[in-house]
Amino acid sequence: MNVLQTIAGFGALYGGIATCTYDLITALNGIGFSLDLLTLEVRNPNDHLMGNGETWIKALPNDAATPYEYSKGIAKYLKNHDYDIYHTNGLWMYCNHITCSVARQKHKPYVITPHGMLYPDALHRSYWKKWPLIQLCFRKDIDQANCVHVTCKTEMEHVRKFGYKGAVAVIPNPANLPDYLQEIVDSKATLLESDRPRKFGFLGRLHPIKKVENIIYAVAQLPSLQDCELIIMGKGDAEYEQFLHNEVSRLGLKNVTFYGFVSGREKFENLAQLSCLFVPSDFENFGMIVTEALSVGTPVMASLGTPWEDLNTYHCGWWTDRSPEQIADVMQQVLDMPVAKLLDMGTRGRQLVQTKYTAPMVARQMQAMYEWLGGKGEKPVFVND
């Protein structure tokens with residue numbers, strides 16, 4: 001069975017969409033289910049394509065034009081290459097629409113993974129740009145999809161509210177964990193032995209919807225600032241990043257450090273040094289960073305705008321309101337907590353990842369979805385009509 005996934009951007013700076021797409025296809029190849037990914041080369045000289053030049057990455061010269069990123073190269077490739085199933089990642093870009101359109105022309109099934117783009121907050125942002133695209137093509141693309149893939153039940157509810165009545169596959173993003181992870185985990189107890197200062201952190205794209213300032217405001221409310229450090233890891237919107245720097249200066253905080261973009265082993269080592277990771281986003285479709293932090297034994301506080309009730313259920317973090325006051329309360333709990341209890345929370349978090357989110361488990365679910373769509377298997381239990 002030949003499957004093609006497509007994505008408008010596949011650079012390391014493109015954000016979580018590129019990361020989880022790379023992790024998923026890597027995991028699928030890892031269980032022996034090979035497929036291709038079509039995208040464009042990156043233009044930003046400070047960026048680079050995800051991965052290590054894998055043969056399944058079909059990166060065409062970047063001829064994208066207009067904000068819609070119209071590409072003759074993408075269209076030509078799709079029309080000249082035949083696949084059994086087409087699967088596009090994201091919405092609102094030409095790459096996404098032409099994938100659906102060509103699949104219909106060739107009478108082949110196609111899948112859309114919205115990556116949270118049908119959440120109300122995401123949908124309403126710049127809606128004046130999206131509305132004509134919805135009327136022109138994306139309403140039809142979504143309505144006629146053979147399956148929409150979402151990463152959690154909350155996202156499925158938003159897809160239904162948008163009006164899609166077809167099959168929805170609920171498959172989480174995979175935790176594609178590196179081989180060196182155990183070595184990092186083994187060192188965590190030593191990292192936390194010195195009781196102070198405790199390290200709090202954020203990791204992700206710096207954008208207003210991430211509400212990183214709430215973490216800064218929470219630190220400012222703590223009665224004893226010398227007991228903790230705040231590490232902010234990530235790049236993104238330059239204006240927003242400057243706003244965060246300005247707020248740190250305005251509040252006179254000397255215990256906040258901006259690390260910039262981190263990846264690979266450095267990312268996991270930094271996560272392991274934290275006593276708690278904070279994810280205070282307005283909304284988050286899945287949040288790969290949550291599983292990555294849990295995988296190195298770091299508890300996580302995630303906002304109610306994320307689908308992470310498991311943090312409370314498995315007692316490995318906090319799923320709660322993202323107000324500065326509530327974040328400060330969680331921080332104080334972490335500061336008051338013995339190292340042994342923090343390590344116990346971390347152990348439960350690792351067990352949660354291993355139970356529900358390992359890459360091979362998720363990849364087999366995706367393979368089952370493809371086989372069902374291709375007429376080679378029964379409808380999986382995670383597919384909802």
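Guide: Contact here means heavy atoms within 4.5 Å. A residue is called buried when its relative accessible area is under 20%, and exposed when that value is over 50%. The model is a predicted one.

The part to look at is helix α2, which covers residues 72-80. Its buried residues are I74, A75, Y77 and L78. Viewed down the axis of α2, these buried residues fall within an arc of 165°, so they line one face of the helix.

What lies over the buried face? The cover of the buried residues of α2 includes the strands β1 (3-7), β2 (36-40), β3 (57-60) and β4 (85-89), together with helix α3 (94-105). The start of α2 has a detail of its own: a side-chain oxygen of S71 comes to within 3.4 Å of the backbone nitrogen of G73.

Just after α6, G163 has a positive phi of about 120°.

A loop can be read closely as well. N44 sits in the loop between β2 and β3. Because its relative accessibility is 36%, N44 counts as partly exposed. A polar atom of the N44 side chain is 2.8 Å from the backbone nitrogen of N46. N44 is also 33 residues from G11 in sequence, while their C-alpha atoms are 8.8 Å apart in space.

The largest nonpolar core has 71 residues, and F10, W92, M369 and Y370 touch the most other members. Helix α16 (residues 359-373) gives the most to this core, with eight residues. Leaving out residues up to four places away in sequence, Y370 touches M1, V3, Q5, L28, F33, L35, I85 and H87.

Last, the whole protein. There are 16 helices and 14 strands. Buried residues make up 56% of the 385 residues. Of the contacts with a separation of 6 or more, 68% are between residues 24 or more positions apart. A compact globule of 385 residues would have a radius of gyration near 21 Å, and the protein has 21 Å, so the two agree. Along the principal axes, the C-alpha atoms fill a box of roughly 65 × 40 × 40 Å. The accessible surface comes to about 16500 Å², and 50% of it belongs to carbon and sulfur atoms.

Notes. Residues numbered from 1 in each chain as written. Predicted model: local features only at pLDDT ≥ 70, side-chain atom pairs only at ≥ 80, totals over all residues. Heavy atoms only, no water. Helix = DSSP H or I, 4+ residues; strand = E, 2+ residues; numbered from the N terminus. Buried < 20%, exposed > 50% of the residue type's maximum accessible area, 1.4 Å probe, protein only. Arc of directions from axis to C-beta. Polar contact = N/O pair within 3.5 Å; in protein donor to acceptor, adjacent residues only side chain to side chain. Core = buried A, V, L, I, M, F, W, Y, C linked by side-chain atoms within 4.5 Å. Rg over C-alpha atoms; globule rule 2.2 N^0.38 Å. Areas by Shrake-Rupley, 256 points an atom, 1.4 Å probe, with all protein chains shown as cover.
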